[in-house]
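Let's take a walk through a protein model together. Keep the picture turning as you read, and look for each part as we get to it.

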Amino acid sequence: MAGRNGPQADNRDIREDFRAEIREFLGTRRGRITPEQAGLPAYGGERRRVTGLRREEVALLAGISSEYYTRLERGNATGVSESVIEGIAQALQLDEAERAHLLDLLRGAGTTRPPRRRRAQQRVRPTVQRVLDSMAGTPAFVLNGRGDILAANHLGRALFAPVYADPARPPNNARFVFLSPQASEFFRHWDEVAGDAVAMLRAEAGRDLYDRRLSDLIGELSTRSEEFRRRWAAHNVRMHTTGVKLLHHPVVGDLDLPFETFPLGNGPSQFLLTYTAEPASPTQDALNLLASWAAANDAIVRSAPANGAAPADSAETPD
């Protein structure tokens, strides 16, 4: 994504950037499916040079010509019909998140110039903050597609105290996962969390390759983390709306926290994230203990800003 927000960005055809993303995404999807998995005979035997599907095999499965699919994989996305997209999605066994990502890339490849931008504050509405604060027994946050924590309630800031320990504002989930030495202890299933963090950033990049703050974040993580670079190159995308997060908090120990996310209508890719505990469980006892600790250490918890959006005032959004 380097250079996509440079001084020449507004003066060139941006389709090449999206075409490159389409090439790499479809290429990685082909590479993960063997002919056997697709129900095809593996012609070539040991002489076969690719472990995944060839372009002509994808075309066969999608019901289109090999020449047409090759042009599409090279990024020539003009006038692609819904039936073709659906055929390719089935041939490559794309899930819902991958199909949405492909549609984002195809849509972007049909544009000719980056969107005009204006400086805008990415704020959380006061009514949303009041909702967060009313959820006294539930850690709750507002995040955006980059993983910035834009707002949290008191218990949420106490739960994510290690994330807030980073002086950078707004706190960012992906930056903590890949750059903080505490991350592998805080997230008991760090590998899964790392995969989800990269997949969410990749999906967000597909929606807008020209988000300057996203480009800066990906550049920082790519420069400082080999693990991030490896995962980024895989082009995986994922919808991560519900599940269970396994944490180890430095004050109260292990927590098994089911989570749910809810989209918010204010600005691009903002969502409400909540964690709850099973009633009468050890995790509920730990959350109660954490709430007591947070109340007794109110000054410490409140030193983490309730709304991390202030430094994001320069975030760019389309006109």
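Helices (H or I, at least four residues) and strands (E, at least two) are runs assigned by DSSP, and they are numbered from the N terminus. This is a predicted model, where local features need pLDDT of at least 70 and side-chain atom pairs count only at pLDDT 80 or more, while totals for chains, interfaces and linings use all residues. Residues are numbered from 1 along each chain as its sequence is written, and side-chain values use heavy atoms, with hydrogens and water left out.

Start with the overall layout. The protein chain has 16 helices and seven strands. Of its 319 residues, 48% count as buried, where buried means under 20% relative accessible area, exposed means over 50%, and partly exposed is in between (1.4 Å probe, protein chains only). The accessible surface of the protein chain is about 15400 Å², and carbon and sulfur atoms own 51% of that. Such areas come from the Shrake-Rupley method with a 1.4 Å probe, and for residues only the protein chains shown count as cover. Now for contacts, meaning heavy atoms within 4.5 Å. Among the contacts in the protein chain with a separation of 6 or more, 63% are between residues 24 or more positions apart.

Next, head inside. In soluble globular proteins, nonpolar side chains tend to be buried together. A nonpolar core is a set of buried Ala, Val, Leu, Ile, Met, Phe, Trp, Tyr and Cys residues joined through side-chain atoms within 4.5 Å. The largest one here has 75 residues, and the members that touch the most others are Ile88 and Phe160. Helix α12 (residues 190-207) is the top contributor to this core, with seven residues. Apart from it there is another core, of eight residues, including Val128, Ala140, Leu150 and Ala151.

Which residues does Ile88 touch, not counting those up to four places away in sequence? They are Leu26, Ala62, Ile64, Tyr69 and Leu72. Ile88 is one of the buried residues of helix α5 (residues 82-91), along with Val84, Ile85, Gly87, Ala89 and Ala91. After α5 comes Gln93, with a positive phi near 55°.

Is Leu132 buried or exposed? Its relative accessibility is 0%, so Leu132 counts as buried. Leaving aside neighbours within four places in sequence, Leu132 is in contact with Ala140, Phe141, Val142, Ala151, Ala152, Asn153 and Leu272. Take Ala151 from that list: Leu132 and Ala151 are 19 residues apart along the chain, and their C-alpha atoms are separated by 8.3 Å.

Now look for the gaps. Rolling a probe the size of a water molecule over the atoms shows where empty space is left. On a 1 Å grid over the protein atoms alone, a cavity is a set of points where a 1.4 Å probe fits but cannot get out, and a pocket is an open set with protein on both sides within 12 Å along at least five of seven lines; lining residues have an atom within 4 Å of a point. Grid points are joined across faces, edges and corners, and a volume is the space filled by probe spheres set on the points.

The largest pocket has a volume of about 480 Å³. It is lined by 19 residues, and Arg207, Met239, His240, Thr241 and Phe271 are the closest to its centre. Elements giving two or more residues to this lining are α6 (96-109), α12 and β5 (253-263).

As for cavities, the structure holds two of 30 Å³ or more. The largest cavity has about 280 Å³ of space. Of its 21 lining residues, Leu143, Asn173, Met200, His240 and Lys245 are the closest to its centre. Helix α12 gives the most to this lining, with five residues.

Arg169 and Pro170 are joined by a cis peptide bond, with omega about 0°, and Pro170 is found in the loop between α9 (161-164) and α10. His235 isn't a glycine, yet its phi is positive, about 60°. His235 is buried, with a relative accessible area of 3%. Ala280, also not a glycine, has a positive phi of about 60°, and it sits in the loop between β6 and α15 (282-296). Ala280 is exposed, with a relative accessible area of 77%.
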